[in-house]
Amino acid sequence: MNYVLSSLLMLFVIITICIEIYSMKAKSIQLILMILFFSCILFYCIGYAMELLSATLADMLFWNKFQYIGIPFIPALILIYFLYSNNQKKYLSPAHISLILAIPFACMVARYTNSLHHLFYTTYYVEDAGFPVLRLVRGPIAILLYGYNLFCCVCCARVMLRDVKLRRENKTMTNKIAMTMFHMTLLPFVALLVNILNVTPIDWVPFSFLLSMLLILWFFRKYRIANTGSLLLYELQSNEKILRMILDSIDNVILLFDRENEKVRFVNDRYLQMFGQVLAPQMEPAMAQLLDRVHPQDREMVTGKFALIQSENCPSQNIVYRFKSRDGAYIWVRTGIRKIEDDQGKKPVIVTITNINEEHKVFEALTRKAEFDTTGVYNRATIFEKIQDFFETHAQENRTHALVLFDIDNLKHINDTYGHSMGDRIIEGLTKILQSEIRGNVILGRLGGDEFVAFLPDIPSREYVEQILERVIKKCAGLQYENSIDIPVSVSIGIVEAKDATASLQELYEKADIALYRIKNHNKNGYCFYEETEN
């Protein structure tokens, strides 16, 4: 029997050590206390297991002394932990902690002092209870320690009952901590009573403590209490001043709207710093105040999003728009809207406003670099994407559009004669001409080298397109004299008309290309419609 009990106890010890090492990864006062508490229990359990396995009285007495490295301090450490967890600061001064640990320390010293150990146990003997059991007749110091341990258990229960009573309407993690810690004290309390009354020859206290440890460690894993972030939030719940200071130091504007009472429950100081005004305490004027600062072009979109804050099923969302800053200039901001649930089961909405003006400038610059050619018009990939998007969004419209390809004549000859810098100047000159002559909702881009493309949506007539192209050809000829070169500068143009937006972009491009090379292979310096190539 002693081998079974000892093996079972050692198995519990090994499992507990493994779980403890795996669970205790964060550093906090709570976890340090827990580690000390667990270490004391492990000394107790290992000593008791070895006592059960010992064959001689001397070995039993040695391992019994080994247990007292931890036994006296276990209830005291639990009490300190409970006081800390429940924010009982008036009992956590160095003087109070020293007082709590004084009796256990004195009892441990007495157990190891030759002149006093007889006051701990007056006599001892080995009893045969089916297996050898060390019997120690308690002296006054042992009775004092047992009484103190019971006192600590009662104090822990009192602290936790008070905490549970305060939080019984609260279904948060804090309440789960209180309830679990309260139940954790019951097993050792019952085991201590059994031990004092000598109901059984087996000491069930180490088993009860090990089971409590396993429950706590499982609880820590389940609710992530050993996580530093979770512990920080738990500790901040009891210190509103520190929490407010942290929120005020965050760069983002933080607003908390109480939909049930239609009030602004919280706004941090960052709002005043960024926008130079105090937010109204009531929800409706506060919302109007926010919307009044939104850029007129974004106001309709933002108004629709903000209206969802007051709905029961407020979806989480992020909005990017322009907002008037303290100096009156509009800056780009990102607003996040999230519905949360507080301790009372209410569902307020938290709104964060982040200044992303510099970030948006960088994004615009990168977007422009990715979409635009060095000449300032769309590059090859973007131009076709824009035209395809137009076809997809206007597929049902029965209107006439035109796809126009431009190719600079004699550009290779100009490059060979005057250098590539002159060729670049001719390309830039044509770009400016196209930008000045082809205006409106036109999509203009460069395909590469000396080729450009323009998409003219909803053209009123062919004559309208011809007038534009004739002006382009005329101004392009003037580039020769502007750059003082002897080689004529001209442009060849191919055009295809699309009668509706369901036409294939690839097909239109191929037809415009056919028209372009028709004019290139004939006279150059002119334009040709695809329909003319079919004759």
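Biologist: In what sense do strand β8 and strand β10 pair?

Modeller: Two strands pair if DSSP finds at least two bridges between them. Here β8 (residues 401-409) and β10 (residues 451-456) run in the antiparallel sense and share six bridges. Phe406 stands opposite Phe452 in β10. The element names come from DSSP runs, with helices (H or I, at least four residues) and strands (E, at least two) numbered from the N terminus. Please keep in mind that this is a predicted model, where local features need pLDDT of at least 70 and side-chain atom pairs count only at pLDDT 80 or more, while totals for chains, interfaces and linings use all residues. Residues are numbered from 1 along each chain as its sequence is written, and side-chain values use heavy atoms, with hydrogens and water left out.

Biologist: What is the order of the five strands in the open sheet, and which strands stand at the edges?

Modeller: The order is β9-β10-β8-β11-β12, and the pairing is mixed. β9 (443-448) and β12 (527-529) are the edge strands; each has a single partner, so one side of each lacks a neighbour in the sheet. From one strand to the next, the twist averages 20 degrees. Helix α16 packs on this sheet and touches β8, β9 and β10, where contact means heavy atoms within 4.5 Å. The direction of α16 makes about 140 degrees with that of β9.

Biologist: At what angle do α16 and α21 pack?

Modeller: Two packed helices are described by the angle between their axes and the distance between the axes. The axes are lines fitted to C-alpha atoms, for helices over the stretch in contact, and angles run from 0 to 180 degrees between N-to-C directions. For α16 (residues 380-393) and α21 (residues 505-520), the angle is about 120 degrees and the axes are 11 Å apart. The two are therefore oblique to each other: under 35 degrees is roughly parallel, over 145 roughly antiparallel, 65 to 115 roughly perpendicular, and the rest oblique. α16 brings Arg380, Phe384, Ile387, Gln388 and Phe391 to the contact, and α21 brings Leu505, Leu508 and Tyr509. By class, that makes six nonpolar, one polar and one charged.

Biologist: And how far apart are the axes of α17 and α18?

Modeller: They are 6 Å apart, and α17 (residues 411-418) meets α18 (residues 420-437) at about 140 degrees. This pair is therefore oblique too. Among the residues in the contact are Leu411 and Tyr418 of α17, and His420 and Ile427 of α18.

Biologist: Is Pro72 buried or exposed?

Modeller: Pro72 has 0% relative accessibility and therefore counts as buried, a label for values under 20% relative accessible area, with exposed over 50% and partly exposed in between (1.4 Å probe, protein chains only). Pro72 sits in the loop between α3 and α4. Beyond its neighbours within four places in sequence, Pro72 contacts Pro104, Met108, Leu145 and Asn149.

Definitions and conventions
Ala, Val, Leu, Ile, Met, Phe, Trp, Tyr, Cys and Pro count as nonpolar, Asp, Glu, Lys and Arg as charged, and the others, Gly among them, as polar.
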